[in-house]
Amino acid sequence: MVNWKQDIAISIVLLCLSAAFFFTSLGYPETNGHFPAYLACILAALSLFLCISSMLRRNGSQPFINWNALRGPALVVFLTAGFIVVLPYIGFIPSCVLLASAIFLSLGYPDKRAALMVAVCATVGIYVVFHIALGVSLPTGTLWGSD
């Protein structure tokens, strides 16, 4: 990446996030709590690597944050928050189709029909794997009844 200051800021945020994940996972049962702790350690190591590598390639002055580069990730965060809000009301399948198609279209996927078809196929795949094959209960939402 060209902007080393932005990389340092992102690495610090990721390092704090990994610390939060790690300390949260300490309260989990011992058999299940190891996996989030391992992921937190991997995230911490990668964020430290990003911080060190961006410090080594400092060259010239650049703006601290490129706000235009943050539009896409901010939009994904906003859409995911909307997914979390509507999930209890309309259920997993419609909200997952809406989230996936909205992310595809907002990040520049050119064909609307293809984006919708990919979203539907991905949602059906997730439903088949988790609900049918693994028996994981997925939210049905208050509009459709309870599971």
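Tutor: Here are the serines, then the core, then the rings. This is a predicted model: local features need pLDDT of at least 70, side-chain atom pairs count only at pLDDT 80 or more, and totals for chains, interfaces and linings use all residues. Residues are numbered from 1 along each chain as its sequence is written, and side-chain values use heavy atoms, with hydrogens and water left out.

Start with S18. It sits in helix α1, residues 4–25. Helices here are DSSP runs of H or I, at least four residues long, numbered from the N terminus. S18 has a relative accessible area of 3%, so it is buried. Buried means under 20% relative accessible area, exposed means over 50%, and partly exposed lies in between, with a 1.4 Å probe and protein chains only. Setting aside residues up to four places away in sequence, S18 touches A40, L43 and A44. Contact means heavy atoms within 4.5 Å.

Now S47. This serine belongs to helix α2, residues 30–56. S47 is buried because its relative accessibility is 3%. Its contacts, not counting residues up to four places away in sequence, are S11, L14 and L15. The side chain of S47 also reaches the backbone oxygen of A44, at 2.9 Å. A44 is also on the contact list of S18.

Next, the largest nonpolar core. It has eight residues: L79, F83, L87, F92, C96, L99, I103 and L138. Such a core is a set of buried Ala, Val, Leu, Ile, Met, Phe, Trp, Tyr and Cys residues joined through side-chain atoms within 4.5 Å. Two elements give two or more residues to it: α3 (71–90) and α4 (92–106). The largest share, four residues, comes from α4. Look at F83. Leaving aside neighbours within four places in sequence, F83 contacts S95, C96 and L99.

Last, the rings. The whole structure holds two aromatic pairs. Rings of Phe, Tyr and Trp (its six-membered ring) pair if their centres lie within 6.5 Å; planes under 30 degrees apart count as stacked, over 60 as edge-to-face and the rest as tilted. F22 and F23 are edge-to-face, 5.6 Å centre to centre, with 75 degrees between the planes. F22 is partly exposed at 28%. F23 is exposed at 58%. The rings of F104 and Y109 have centres 5.7 Å apart and planes at 35 degrees, so this pair is tilted. F104 is partly exposed at 27%, and Y109 is partly exposed at 36%.

Definitions and conventions: A polar contact is a pair of N or O atoms within 3.5 Å; within protein, one must be able to donate a hydrogen and the other to accept it, and residues adjacent in sequence count only if both atoms are side-chain atoms.
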